[in-house]
Amino acid sequence: MALNELGDDLSEGSPVVLYLDGKRRYLTSVERDRRLHTHKGYVELSDLIGLRYGSKVKSSTGVSFVALQPTIWDYVMKAPRRTQVMYPKDIALLAFRLGLRPGMRVVEAGTGSGALTCALAFFVRPGKVYSYEVNPEFQAVARRNIERAGLLDSVELKSGDVTQGIEEVEVDAVVLDMATPWLVVPHAYSALRGGGHFASFSPTINQVEKTVLELRRRGFVDVKSYELLMREIKVEEGAVRPETMMVGHTGYLTFARKAL
Ligand SMILES: C[S@@+](CC[C@H](N)C(=O)[O-])C[C@H]1O[C@@H](n2cnc3c(N)ncnc32)[C@H](O)[C@@H]1O
């Protein structure tokens with residue numbers, strides 16, 4: 001079942017999250033003759049066949065897990081990774097700002113571990129994501145992650161240095177998460193359709209400055225940069241407050257539109 005499809009019943013091959021508590025959830029799929037091992041015992045995955053999402057299943061030690069239908073959040077956060085991945089809070093603003101929707105054609109670089117690629121493909125399917133990556137080992141990891149999410153048919157994985165050029169033309173968006181986005185700005189301009197979106201995610205403000213100055217120089221408009229902070233709230237009766245620990249920094253997002 002593709003990630004975009006809604007379903008009620010679990011059958012062989014169905015993707016599933018086995019939810020234990022706020023900190024522990026396991027992303028897997030329903031298979032015969034396979035066990036999911038956890039520190040609370042193992043779950044026979046064939047026990048899930050014929051159940052509905054939302055059902056409880058017991059591990060070998062009698063602990064209950066709830067079988068949930070995975071969302072794109074699970075695939076992003078659970079992606080085995082060789083690189084830093086983009087976090088859901090940043091992907092959410094990106095999706096909203098770019099107006100990602102079915103049918104769009106998006107160029108992405110670098111593919112990294114493919115977490116953002118999965119999210120882009122999820123939103124634009126049956127459109128296409130053209131994803132450039134220089135490192136073949138990272139690309140192999142990304143391919144497995146995208147395949148696991150059932151989204152490989154919406155992605156073209158491309159080997160190459162995106163600072164040397166973008167082959168696609170008239171695309172709706174160019175999305176960058178790589179070290180030197182300012183070097184890609186001229187290629188993004190050539191690849192985008194009029195009004196098309198440029199987006200870049202960078203961990204340092206020095207990268208943001210170089211990218212924004214280059215965007216302005218090249219005639220992009222509506223250039224904006226943002227930082228998002230997300231705090232989880234700890235809720236105990238009579239003691240509701242932010243969690244002590246948080247992800248303090250991911251990166252900055254820069255957006256722009258192509259003016260003809
Ligand atoms: C931080 S990772 C991207 C992570 C990805 N957004 C994700 O969510 O999994 C940055 C990637 O950009 C790749 N990269 C760096 N420079 C590049 C270039 N000029 N062309 C293509 N890929 C590049 C790196 O090899 C690395 O895999």
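1. Helix 3 (115-124) is largely enclosed by the rest of the structure, because eight of its ten residues are buried. Buried means under 20% relative accessible area, with a 1.4 Å probe and protein chains only. Helices are DSSP runs of H or I with at least four residues, strands are E runs of at least two, and both are numbered from the N terminus. The buried residues of helix 3 are Ala115, Leu116, Thr117, Cys118, Ala119, Leu120, Ala121 and Val124.

2. This is a predicted model: local features need pLDDT of at least 70, side-chain atom pairs count only at pLDDT 80 or more, and totals for chains, interfaces and linings use all residues. Residues are numbered from 1 along each chain as its sequence is written, and side-chain values use heavy atoms, without hydrogens or water.

3. The largest nonpolar core holds 34 residues. Such a core is a set of buried Ala, Val, Leu, Ile, Met, Phe, Trp, Tyr and Cys residues joined through side-chain atoms within 4.5 Å. Leu94, Leu98, Leu100, Val106, Leu120 and Val175 touch the most other members. Helix 3 supplies the largest share of this core, seven residues.

4. Take Leu98. Beyond four places in sequence, Leu98 touches Met104, Ala173, Val175, His197, Ala199 and Phe255; contact means heavy atoms within 4.5 Å. Another core, of 19 residues, lies apart; Met178, Val185, Ala191 and Leu192 are among its members.

5. Thr111 sits in the loop between strand 7 (105-109) and helix 3. Its relative accessibility is 4%, so Thr111 counts as buried. Leaving aside neighbours within four places, Thr111 is in contact with Thr117, Ser131, Tyr132, Glu133, Ala142 and Leu157.

Terms used:
Buried means under 20% relative accessible area, exposed over 50%, partly exposed in between (1.4 Å probe, protein chains only).
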